[in-house]
Amino acid sequence: EATALPTTVSVGVSLGRRGLGGAALLRDAVIAMRQAATDGRNRCALAAAEVASQARQTLELQEQLRLALHNSELQAWCMPLVEMATGTLRGYELLVRWQRPDGRIALPDTFLPAARQGQLAAEIDLLMLGQALEALITLPPALSVAVNLTPSSLGEPWLVEQVRAGLENH
């Protein structure tokens with residue numbers, strides 16, 4: 001017996017214009033289709049120049065992040081955790097920073113959203129976790145190390161095993 005499954009359609013439309021090649025036309029249509037799906041499915045979206053431009057910038061940023069991961073440009077910066085009442089140092093919170101090739105430091109809010117969209121957040125989380133464990137072995141036992149992870153990584157089954165393996169290695 002056949003079972004009927006509900007189907008939905010998301011359509012992206014890109015209008016040809018002078019100087020826009022076939023690959024760019026297709027890319028803009030795909031961007032519009034993704035926007036239609038994000039807006040609730042069973043929709044049609046027209047590729048707007050500003051949406052396509054923003055999507056191209058995000059794709060470029062994701063490619064730069066892949067290179068940054070490969071070139072070890074992402075670093076954990078230590079911020080002291082101090083007990084306010086006594087001024088006693090309790091440990092460090094490690095925060096990700098991107099030391100760009102031009103020397104600029106990029107803060108997480110400028111690249112983590114693109115990393116999440118490009119499936120790079122877990123890789124960044126693992127890198128920061130490894131750097132946190134390396135920092136932990138250099139500190140006196142009374143000090144702690146905290147590291148921020150993206151919400152998507154917290155639900156991943158590999159996280160506990162990665163933490164366990166990292167603790168054993170360090």
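Ser72 sits in the loop between helix 2 (49-70) and strand 3 (74-82). Helices here (H or I, at least four residues) and strands (E, at least two) are DSSP runs, numbered from the N terminus. The phi of Ser72 is near 55°, a positive value in a residue other than glycine. Most residues other than glycine have a negative phi. Is Ser72 buried or exposed? At 57% relative accessibility, Ser72 counts as exposed; the cut-offs are under 20% relative accessible area for buried, over 50% for exposed and partly exposed in between, with a 1.4 Å probe and protein chains only.

A word on the model before we walk on. This is a predicted model, in which local features need pLDDT of at least 70 and side-chain atom pairs count only at pLDDT 80 or more, while totals for chains, interfaces and linings use all residues. Residues are numbered from 1 along each chain as its sequence is written, and side-chain values use heavy atoms, with hydrogens and water left out.

Now turn to helix 1. Helix 1 covers residues 22-38, which makes 17 residues. From its first C-alpha to its last it reaches 24 Å, close to the 24 Å expected at 1.5 Å a residue; the expected span is 1.5 Å times one less than the number of residues. Which residues of helix 1 are buried? They are Ala24, Asp28, Ala29, Ile31, Ala32 and Ala36. Seen down the helix axis, these buried residues fall within an arc of 160°, so they line one face of helix 1. The arc is taken from the directions that run from the helix axis to the C-beta atoms. On the other side of helix 1, the exposed residues are Gly22, Ala23, Leu26, Arg34 and Thr38. After the helix comes Gly40, whose phi is positive, near 130°.

Leu81 and Val145 are 64 residues apart in sequence, yet their C-alpha atoms are 9.0 Å apart in space. Tyr92 lies in strand 4 and counts as partly exposed, at 21% relative accessibility. Between the C-alpha atoms of Tyr92 and Ser144 the separation is 6.3 Å, although these residues are 52 apart along the chain.

The structure holds one aromatic pair. Rings of Phe, Tyr and Trp (its six-membered ring) pair if their centres lie within 6.5 Å, and planes under 30 degrees apart count as stacked, over 60 as edge-to-face and the rest as tilted. The pair links distant parts of the chain, 13 residues apart: Trp98 belongs to strand 4 (residues 89-99), and Phe111 to the loop between strand 5 (105-106) and helix 3 (112-117). Trp98 is buried, with a relative accessible area of 1%, and Phe111 is buried too, at 0%. Trp98 also has a charged neighbour: the charged end of Arg100 sits over its ring, 4.2 Å from the centre. For this, NZ of Lys or CZ of Arg must be within 6 Å of the ring centre and within 35 degrees of the ring normal.

How many salt bridges does a search of the whole structure find? It finds three, a salt bridge being a side-chain nitrogen of Lys or Arg within 4 Å of a carboxyl oxygen of Asp or Glu. One joins Glu83 and Arg90, at 2.6 Å from N to O. Glu83 is partly exposed at 29%, and Arg90 is partly exposed at 41%. Another joins Arg104 and Asp102, also with 2.6 Å from N to O; Asp102 is exposed, with a relative accessible area of 51%. Arg164 and Glu161 form a salt bridge as well, with their closest N and O atoms 3.1 Å apart. Both of these residues lie in helix 6 (residues 158-169), three residues apart, about one turn of the helix. Arg164 is partly exposed at 42%, as is Glu161 at 43%.

Finally, the cysteines. With a disulfide taken as a pair of cysteine sulfur atoms within 2.5 Å, the count comes to zero. Cys44 is exposed, with a relative accessible area of 57%, whereas Cys78 is partly exposed at 44%.
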